[in-house]
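Here is a friendly briefing on how the pieces of one chain pack together. Have the viewer open as you read.

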Amino acid sequence: MAAFVFHSGVADGNSSLRHHCGIVGISSREEVNMPELLFYGLFSLQHRGQESAGLAYRRQGKIKSYRSVGMVSTALSHYLSESHPSKLGIGHVRYSTHGTNKLENAQPIVVSCSKGEISLAHNGNISNSEILQERLISEGSIFQSTTDTELLLHMIARSRQSSFHEALVECLGLIEGAYCFLLMHEDTLYAVRDPYGFRPLVMGSRDGQVMFASETCALNMFQAGDIREVEPGEMVTVEGTRIISEKLPAPREPVHLPKPDTAAQNPPTARSTVQGTVAQNPPGTVARPRRAHCIFELIYFARPDSEVFGRTVHMARKKMGEMLARSDTVKADIVIAVPDSGNSAALGYSHASGIPLEQGLTRNHYMGRTFIQPTPAMREAGVRMKLHPVREAIAGKRVVVIDDSLVRGTTSRQIVKLLREAGAREIHLRLCSPPVRYPCFYGIDIPTHEELISNRLDPEGIAREIEADSVQFLSMDDLRQCVPNPGDFCYACFSGEYPTPVRDAPVSKKC
Ligand code: SF4
């Protein structure tokens, strides 16, 4: 029997993009059962990582930690019946990369070094990790994991700065890419977000406690108040409930990859160096700091009830569905979602088009995660275990199917097949994002250039390949209308225009 390898792509729609991690941190004035609180926070962020879960907390002057593969409810459940009084803790949920599921890559990482005991949880991807790591290895560093998270700890340990705080600020100035870090050192919790704000990180408070989490859904579960984003480029230091905020150094200038047509001919390869042009500000002007929030957080990754980058995820997705409907002329009897990530957009499409919303597909939530398998037949089995058509709702109907994105097209093909078998008369696939064509350097695993169906085929060709009657993508212009401050987002996997310097092709060393 083949081994199951867990994968998030099919589990939440069709994206086949694997996302990254979720982090939570709590500083309390009084001792509380910290692991239990962290458990609940991580449980709310389970959708951001299901391969491993871990937590670290400070107890009697020492950092205690526990990491395990698996979901929060199994990996950390013993903490619900134990008492571990503590004032400080951080936690982490993680997806593995390239099918790895190694405990050594689970977080938080805890080390003892010249600066004392440090614990670190990371969400993101350090895009210049190769260069930094090569230098550290040549100077004698030995890495225990294959994540780039460990890199920051090596850099802090080797820093000549005398204090942990100064060493951290110095090292953050050398790191590029997408990162949200939570660190514990002595009695202090540090929360850091990269200057572009690629990934979300929010903070809030309640009676005698300050809390950080990747998404507001975790803080809402704690009924925290005063919720705000940790600003891009901000480092927040918390001791008890005393909060200090400081700005990180400004980021470097952006580099753009060649335009899509030339990039399509010469895509970045596994270890290639990407050449780009450095965007300059007009003489005499001072540019507002560039933001680059990952648009896929709103399209697919984040939970619908979270507020991410200033917009409730559900409302952003609903608007995407409305915009899709406004540019669509297809005649159909029902609109259905690929659950769960297509749900909000399907509602929006239905409202805007007047076509009734139906539950045409149900999702088995009890599988945990769908698996990917090496053969097409096994992948198809994965979709059939996860998604089930509601025959009576579909039979004889012209169906608009709303999904978040189209990556390889293999899952969509299987969904179309399921719907045809259930008797759908016509199937029109609508995607809440433009075609995905470029790699991500900021923590998202995107298949290779050749595997991305939109690099091979136009929408008509895709429809033929997946055997749908039609396929239509949300345009870039319409997508930008679904978010506040559209210039503050990263769209690089659609456009190839990267907001930061990129040298090496993406490597999977993210959290
Ligand atoms: Fe998100 Fe795409 Fe930018 Fe990566 S390249 S950060 S997936 S928008």
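Helix α3 passes α4 in a left-handed crossing, where left-handed means that the near helix is turned anticlockwise from the far one by less than a right angle, and right-handed that it is turned clockwise. The contact is made by Ser129, Leu132, Gln133 and Leu136 of α3 and Leu151, His154, Met155 and Arg158 of α4, contact being heavy atoms within 4.5 Å. Please keep in mind that this is a predicted model, in which local features need pLDDT of at least 70 and side-chain atom pairs count only at pLDDT 80 or more, while totals for chains, interfaces and linings use all residues. Residues are numbered from 1 along each chain as its sequence is written, and side-chain values use heavy atoms, with hydrogens and water left out.

**The chain overall**

- The chain holds 16 helices and 27 strands; helices (H or I, at least four residues) and strands (E, at least two) are DSSP runs, numbered from the N terminus.
- Of the 511 residues in the chain, 59% are buried. Buried means under 20% relative accessible area, exposed means over 50%, and partly exposed lies in between, with a 1.4 Å probe and protein chains only.
- Taking contacts between residues at least 6 apart in sequence, 72% join residues at least 24 apart.

**Helix α4 and its neighbours**

- The axes of α3 (residues 129-138) and α4 come within 11 Å and cross at roughly 45°. Axes here are lines fitted to C-alpha atoms, for helices over the stretch in contact, and angles run from 0 to 180 degrees between N-to-C directions.
- That angle makes α3 oblique to α4. Angles under 35 degrees count as roughly parallel, over 145 as roughly antiparallel, 65 to 115 as roughly perpendicular and the rest as oblique.
- On to the next pair: the axes of α4 (residues 149-158) and α5 (residues 164-172) come within 9 Å, crossing at roughly 125°. This makes α4 oblique to α5, and α4 passes α5 in a right-handed crossing.
- From α4, Leu152, Met155 and Ile156 meet Phe164, Ala167, Leu168, Cys171 and Leu172 of α5.
- How many of the residues of α4 are buried? The count is 8 of 10, so α4 is mostly covered; the buried residues are Thr149, Glu150, Leu151, Leu152, Leu153, His154, Met155 and Ile156.
- The cover over these buried residues includes β6 (109-113), β7 (116-126), α3, α5 and β8 (177-185).

**Helix α1**

- Helix α1 (residues 34-44) is largely enclosed by the rest of the structure, because 8 of its 11 residues are buried.
- Those buried in α1 are Met34, Pro35, Leu37, Leu38, Phe39, Gly41, Leu42 and Ser44.

**Helices α9 and α10**

- The axes of α9 and α10 come within 6 Å and cross at roughly 45°. The two helices are therefore oblique to each other, and their crossing is right-handed.
- Residues of α9 in this contact include His314, Arg317, Lys318 and Gly321, and among their partners in α10 are Ser344, Ala345, Leu347 and Tyr349.
- Alanine 346 is found in α10 and, at 0% relative accessibility, counts as buried.
- Beyond residues up to four places away in sequence, alanine 346 touches Val335, Ile336, Ala337, Leu357 and Ile402.

**Nonpolar cores**

- The largest nonpolar core has 52 residues, of which Phe296, Met320, Tyr349, Tyr442 and Phe494 touch the most other members. A nonpolar core is a set of buried Ala, Val, Leu, Ile, Met, Phe, Trp, Tyr and Cys residues joined through side-chain atoms within 4.5 Å.
- Elements giving two or more residues to this core include α8 (295-301), α9 (313-326), α10 (343-353) and β24 (398-403).
- Apart from this core lies another, of 26 residues, among them Ile336, Leu361, Leu406 and Ile427.

**Cysteines and a loop glycine**

- A search of the whole structure finds 0 disulfides, a disulfide being a pair of cysteine sulfur atoms within 2.5 Å.
- Cysteine 113 is partly exposed at 21% relative accessibility, whereas cysteine 490 is buried at 9%.
- Glycine 423 is in the loop between α13 (410-421) and β25 (426-431), and is partly exposed with a relative accessible area of 31%.
- Glycine 423 and glycine 396 are 27 residues apart in sequence and 5.6 Å apart in space, C-alpha to C-alpha.
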